[in-house]
Amino acid sequence: MAVPHRVVVIDDVTTTGTSLERAAMALRSAGAGEVYALCVAATPVGATVSRVDDADDGDRARRPGSPHR
């Protein structure tokens, strides 16, 4: 089966991006020249959550477990 030169991978939710990365690697190995990813929603983890917690505008409610209560 021939793989198109340009491929778009669509995912509903991504957390770490590992699934999208592995799909892209497999497509590139199969002959795709360009692989793009589109995700409908992302779950922030790690450093992203820390940056959100640090961006206090003084008006929004804090989530339980936030270091800035």
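Q: Why is E34 called partly exposed in this predicted model?
A: The relative accessibility of E34 is 24%. Partly exposed covers values between the buried limit, under 20%, and the exposed limit, over 50%. E34 therefore counts as partly exposed.

Q: What makes the meeting of E34 and R6 a salt bridge?
A: The side chains of E34 and R6 come to 2.9 Å, N to O. The cut-off is a side-chain nitrogen of Lys or Arg within 4 Å of a carboxyl oxygen of Asp or Glu. The pair therefore counts as a salt bridge. The structure holds one salt bridge.

Q: What makes this pair a link between distant parts of the chain?
A: E34 lies in strand β2 (residues 34-42) and R6 in strand β1, and the two are 28 residues apart.

Q: Why is R6 called exposed?
A: R6 has a relative accessible area of 55%. Exposed means over 50%, so R6 is exposed.

Q: Why does H5 count as partly exposed?
A: H5, in the segment before β1, has a relative accessibility of 49%. Exposed needs over 50% and buried needs under 20%, so H5 counts as partly exposed.

Q: Which residues is H5 in contact with, leaving aside its neighbours within four places in sequence?
A: They are A32, G33 and E34. Contact here means heavy atoms within 4.5 Å. As for G33, its C-alpha atom is 4.7 Å from that of H5, although 28 residues separate the two in sequence.

Q: Where is G31 found, and why is G31 called partly exposed?
A: G31 is in the loop between α1 and β2. Its relative accessible area is 48%. Just after α1, G31 takes a positive phi of about 120 degrees.

Q: Why does T14 count as buried?
A: T14 has a relative accessibility of 15%. Buried means under 20%, so T14 counts as buried. T14 lies in strand β1 (residues 6-14).

Q: What is T14 in contact with, leaving aside its neighbours within four places in sequence?
A: T14 is in contact with L20, C39, A41, A42 and T43. There is also a pair of polar atoms: the backbone nitrogen of G17 lies 3.3 Å from a polar atom of the T14 side chain. The limit for a polar contact is 3.5 Å. From T14 to L38, 24 residues apart in sequence, the C-alpha to C-alpha distance is 9.7 Å.

Q: What makes the nonpolar surface patch?
A: V8, I10, Y36 and L38 make the patch, about 420 Å² in area. Strands β1 and β2 each supply at least two of its residues.

Q: Why is Y36 called partly exposed?
A: Y36, placed in strand β2, has a relative accessible area of 44%. Since 44% falls between the limits of 20% and 50%, Y36 is partly exposed. A patch residue needs over 30%, and Y36 has 44%, so this requirement is met.

Q: What pattern does the protein chain follow, read along the sequence?
A: The pattern is β-α-β-α, with two helices and two strands.

Technical notes: Residues numbered from 1 in each chain as written. Predicted model: local features only at pLDDT ≥ 70, side-chain atom pairs only at ≥ 80, totals over all residues. Heavy atoms only, no water. Helix = DSSP H or I, 4+ residues; strand = E, 2+ residues; numbered from the N terminus. Buried < 20%, exposed > 50% of the residue type's maximum accessible area, 1.4 Å probe, protein only. Polar contact = N/O pair within 3.5 Å; in protein donor to acceptor, adjacent residues only side chain to side chain. Patch = residues over 30% accessible without salt bridge, like charges linked within 9 Å, V, L, I, M, F, W, Y side chains within 5 Å. Areas by Shrake-Rupley, 256 points an atom, 1.4 Å probe, with all protein chains shown as cover.
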